[in-house]
Amino acid sequence: MSDEKAGQPGTATARKHTALPKAQILIEALPWLTRHNGKVVVVKFGGNAMIDEDLKAAFAQDVVFLRQAGLRPVVVHGGGPQINAQLDKQGLVSEFKAGLRVTTPEAMDVVRMVLAGQVQRELVGLLNQHGPLAVGMTGEDAHTITATRHTPEIDGELVDIGRVGEITAIDTGAIEALLADGRIPVISSIARSDDDHHVYNVNADTAAAALAAALGAETLMVLTDVEGLYADWPSSDEVISRLTVSELEKLLPELSSGMVPKMEGCLHAVRGGVSTARVIDGRVPHSILLEIFTDEGIGTMVVPDAQGGEPA
C-alpha cells in the first residue's frame, strides 16, 4: 500500500502537465468565444471537404462545436462532384457556360435529387451523430430562396443556360425558427421560381452570401480547395490574409473563374452588413475552428472599408 501511495503524487503531477496544453488552447479561444457568442455564422460547404470522408467528419465536428460553443451555425451546400457523377450515370452531358452549369429540365431533376436526397441527407446524418441538431431543407421550403431565370451575357449576347436561377428574394423565417429551437439548418442551393412553376439551380456560393446578409450573420465562411485568395497567382502563392471591400472590387476582374463567385459572394455579404466574409482552405482538417478561434487564421478575410484595420 505504501508503494502505491508513494507513486500517486507523481502520477497526479504528470497528469496535470499532460493536460496543461489543452487548457491553454481553450483559454486562447476565450476572446473569440466571447465575441461570437450568440452570433449567426453561415458556412458554405464545398470542395474536397465534400468528397473526403475524414474531411467530412471533421467538418461536422467543427459545426457542432460552433453550436455547442454558443454560436448559431447555418450550413449551405452545393454538390458539383456528386451531380457530375449522377449525370454521367444517366448519360447526360455536364456543360458549363459563364462558369455556371447549363441546367436542362432533365439535369434539374438530377440536381434536385442529388442535393436534397443525397448530399444533404449525408451531411445531416454526420451532424446528427452528435445529437438531434441538424435539420435539412432546400431553398424551396417556406419560400426561403426565390429566384428568376438567370441569362448571362457571353461575348455581348444573352445566353440561355436553362434552369439556373438569379436570387430575387430571401425569406429567413424558417431558418430563424430552427435557430431559435437550437437546431442547425442545412440548406440545399435550390430555389423556387419567382415567375413560373419551375425550380432553379442556384450557385451555392451566391446562395450562402445572400442568406448570410439576410440573416444579419456575423460571418460568412466559404470552404474551397485553395489556401485563400492569392496576391499574384500564378506568379506567387502568397495568400492575402485580409482585404477591404474596395480592395476586393479592384481585384475581381483579374480573378480566375472559379474564385469569382466565391469572392463576389464575400463582397455581397459584407456590403449587406455581414461583419466579415472568409474564404478558407477546406482541405485542412478543422479549418473552420482554425479560422475563427486563432490569431493567425488560415484563409482570406474580407472586411468593410471602415474596419480595414480592426481585428475581426
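Trainee: Which residue is the bridge partner of R278 in β18?

Mentor: In this predicted model, strand β17 covers residues 276-281 and strand β18 covers residues 300-303. The two strands run antiparallel and are joined by three bridges. In β18, the residue that R278 has as its bridge partner is M301.

Trainee: In what order do the eight strands of the open sheet stand, and which of them are at the edges?

Mentor: The sheet is open, with mixed pairing, and its order is β5-β10-β2-β1-β13-β17-β18-β16. Each edge strand has a single partner strand, so one side of it is left without a neighbour in the sheet. From one strand to the next the twist averages 20°. The strands at the edges are β5 (134-138) and β16 (242-244).

Trainee: What angle does the direction of helix α4 make with that of β5?

Mentor: Helix α4, which spans residues 105-127, packs on the sheet and touches β1 (40-45), β2 (72-77), β5 and β10 (184-188). Between the direction of α4 and that of β5, the angle is about 165°.

Trainee: Why do the buried residues of α3 line one face of the helix?

Mentor: Helix α3 runs over residues 80-89, and Q82, I83, Q86 and L87 are buried in it. Seen down the axis of α3, these buried residues line one face because they fall within an arc of 135°.

Terms used. Residues are numbered from 1 along each chain as its sequence is written. This is a predicted model: local features need pLDDT of at least 70, side-chain atom pairs count only at pLDDT 80 or more; totals for chains, interfaces and linings use all residues. Side-chain values use heavy atoms; hydrogens and water are left out. Two strands pair if DSSP finds at least two bridges between them. Helices (H or I, at least four residues) and strands (E, at least two) are DSSP runs, numbered from the N terminus. Axes are lines fitted to C-alpha atoms, for helices over the stretch in contact, and angles run from 0 to 180 degrees between N-to-C directions. Contact means heavy atoms within 4.5 Å. Buried means under 20% relative accessible area, exposed over 50%, partly exposed in between (1.4 Å probe, protein chains only). The arc is that of the directions from the helix axis to the C-beta atoms.
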